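Welcome! Take a moment to look over the sequence and turn the model around on your screen. Then we can walk through it together.

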Amino acid sequence: FSHPKIPPIGQVAPFRFTNQNGALVTDKDLAGKVAAVDFFFTTCKGICPRLHKNLRMVYEALQNEKDFLILSHTSDPQTDSVGRLK
């Protein structure tokens with residue numbers, strides 16, 4: 001199974017975030033990879049559960065692809081601590 005080469009559609013600006021395990025994640029972690037990126041907050045009762053369900057299907061289909069990442073960013077960092085994210 002080979003993947004066709006797809007040209008980049010954008011650039012990622014430098015960033016630094018803390019993940020659910022307390023580890024730092026930066027734009028350098030995305031170098032040479034394909035990433036699906038979303039924004040959510042843990043108290044969301046509307047679209048977030050459906051978004052999570054759909055991203056889970058993407059994860060299950062592509063979890064063994066070494067150059068694929070899913071990055072979910074909270075839009076409510078005051079509430080969504082590392083412990084809450086985990």
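## The disulfide

The torsion about the S-S bond of Cys 44 and Cys 48 is about 95 degrees, so this disulfide is right-handed. A disulfide here is a pair of cysteine sulfur atoms within 2.5 Å, and the sulfur atoms of Cys 44 and Cys 48 are 2.4 Å apart. The structure holds one disulfide.

Are its two partners buried or exposed? Buried means under 20% relative accessible area, exposed means over 50%, and partly exposed is in between, using a 1.4 Å probe and protein chains only. Cys 44 counts as buried because its relative accessibility is 11%, and Cys 48 counts as buried at 11%.

## About the model

This is a predicted model, in which local features need pLDDT of at least 70 and side-chain atom pairs count only at pLDDT 80 or more, while totals for chains, interfaces and linings use all residues. Residues are numbered from 1 along each chain as its sequence is written, and side-chain values use heavy atoms, with hydrogens and water left out.

## The overall layout

The protein has two helices and four strands. Helices (H or I, at least four residues) and strands (E, at least two) are DSSP runs, numbered from the N terminus. Along the sequence, their pattern reads β-β-β-α-β-α.

The C-alpha atoms fill a box of roughly 40 × 30 × 20 Å along the principal axes. Of the 86 residues, 19% count as buried. Contact means heavy atoms within 4.5 Å; of the contacts with a separation of 6 or more, 64% come from residues 24 or more positions apart.

Two strands pair if DSSP finds at least two bridges between them. You can find Ala 36 opposite Ile 70 of strand 4.

From strand 3, the chain passes through helix 1 (residues 47–62) to strand 4, and this β-α-β crossover is right-handed. That label applies if, with the strands pointing away from the viewer, the path from the first strand over the helix to the second runs clockwise.

Arg 84 sits in helix 2 (residues 82–85) and counts as partly exposed at 44% relative accessibility. Leaving aside neighbours within four places in sequence, Arg 84 is in contact with Thr 42, Thr 43 and Thr 79. Its side chain makes a polar contact with the side chain of Thr 42, at 2.6 Å. A polar contact is a pair of N or O atoms within 3.5 Å; within protein, one must be able to donate a hydrogen and the other to accept it, and residues adjacent in sequence count only if both atoms are side-chain atoms.

Val 82 also has its place in helix 2, and counts as partly exposed at 34% relative accessibility. Leaving aside neighbours within four places in sequence, Val 82 is in contact with Thr 18, Asn 19, Gln 20, Asn 21 and Gly 22.

## A pair of rings

A search of the whole structure finds one aromatic pair. The rings of Phe 15 and Phe 17 have centres 5.2 Å apart and planes at 35 degrees, so the pair is tilted. Rings of Phe, Tyr and Trp (its six-membered ring) pair if their centres lie within 6.5 Å; planes under 30 degrees apart count as stacked, over 60 as edge-to-face and the rest as tilted. Phe 15 counts as buried at 14% relative accessibility, whereas Phe 17 counts as partly exposed at 38%.
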